[in-house]
Amino acid sequence: MVKERKATGIKSWPEDDRPREKLLKKGAGALSNSELLAILLRTGTQGTSAIDLARKILKKFGTFRNMAHTDSRDWKDLKGLGGAKIAHIQAALEIGRRYREDDVSTGKQKIASAKDVVDIVMPQLRDLKTEVFKVVYLDSNNRIIDIVDTAVGTVDQAFPIVREIIHAALQKFAKSIVCVHNHPSANITPSTEDKKFTKELSDAGKLMQIKVIDHVIVGDNQYYSFADEGLVE
């Protein structure tokens, strides 16, 4: 636990208590959330250290997840935070979200159910304010070849293109695909457009011998699977 200190510069602290030095000596896992955030901030403001500024940020947002997908209006009442500091924080949060997908793709994880896909993409999709459409490309053993963002839409809809998805599958020598997109409203009920797209993609896949295993809609910690509902042949 980080000791309470007066608002003095971190450079005046003992080396073992400085977040950056502590990370290099003991590893990132030894740091508190405020210490990790202080390293991203690098400096504080006059009369406020980086660690104190980090505590103020965490007090406002509560968790790193709550910081994701914010805009400048959400940060304006935090004095000492310019565009550069906010950009550092948001970049680090995005790296954290992408890490899971990179790790899974590299490890060639096998997909056996909709939940396997959801476990991978949920951290990226559940908090987004616009629809994002992803395609998971699989080999003949249902192991992941790649996960690709195919379309980014408005709050209400994304516009994935069937021909481009199938073409990418052929280029990657994929045998099957799983499509995933989020509903920012958290209502995971498929729309008429969702159903129409799923049928069109499935029909195109049959022609090119690319099997569409599932289309999954993600909400906030919940999902809808076309395959589980018997809507994918």
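Author: Buried means under 20% relative accessible area, exposed means over 50%, and partly exposed is in between (1.4 Å probe, protein chains only). Keep in mind that this is a predicted model, where local features need pLDDT of at least 70 and side-chain atom pairs count only at pLDDT 80 or more, while totals for chains, interfaces and linings use all residues. Residues are numbered from 1 along each chain as its sequence is written, and side-chain values use heavy atoms, with hydrogens and water left out.

Reader: OK, so which residue forms a salt bridge with Asp 149?

Author: That's Lys 134, with the closest N and O atoms 2.5 Å apart. A salt bridge here is a side-chain nitrogen of Lys or Arg within 4 Å of a carboxyl oxygen of Asp or Glu.

Reader: And where do Lys 134 and Asp 149 lie?

Author: Lys 134 is in strand 1 (residues 132–138) and Asp 149 in strand 2 (residues 144–152), so their bridge ties together parts 15 residues apart in sequence. Helices (H or I, at least four residues) and strands (E, at least two) are DSSP runs, numbered from the N terminus.

Reader: Is Lys 134 buried or exposed?

Author: Buried, because its relative accessibility is 2%.

Reader: How many salt bridges does a search of the whole structure find?

Author: It finds 8. One of them joins the side chains of Glu 35 and Lys 22 at 3.2 Å, N to O. Glu 35 sits in helix 2 (residues 33–41) and Lys 22 in helix 1 (residues 19–26), so that pair connects parts 13 residues apart in sequence. Glu 35 is buried at 4% relative accessible area, and Lys 22 also counts as buried, at 17%.

Reader: Switching topic: what about Asp 214, does it have a salt bridge or no salt bridge?

Author: No salt bridge, although Asp 214 is buried; the nearest side chain of opposite charge, Lys 211, is 10 Å away. For that, Lys and Arg count as positive and Asp and Glu as negative, with His and the chain ends not counted. Asp 214 is in strand 4 (residues 211–218).

Reader: So which side chain makes a polar contact with Asp 214?

Author: Ser 225, at 2.6 Å. The Asp 214 side chain also reaches the backbone nitrogen of Phe 226 at 3.2 Å. A polar contact is a pair of N or O atoms within 3.5 Å; within protein, one must be able to donate a hydrogen and the other to accept it, and residues adjacent in sequence count only if both atoms are side-chain atoms.

Reader: Last one, the big picture: how many helices and strands are there?

Author: The protein has 9 helices and 5 strands. Of its 233 residues, 41% count as buried.
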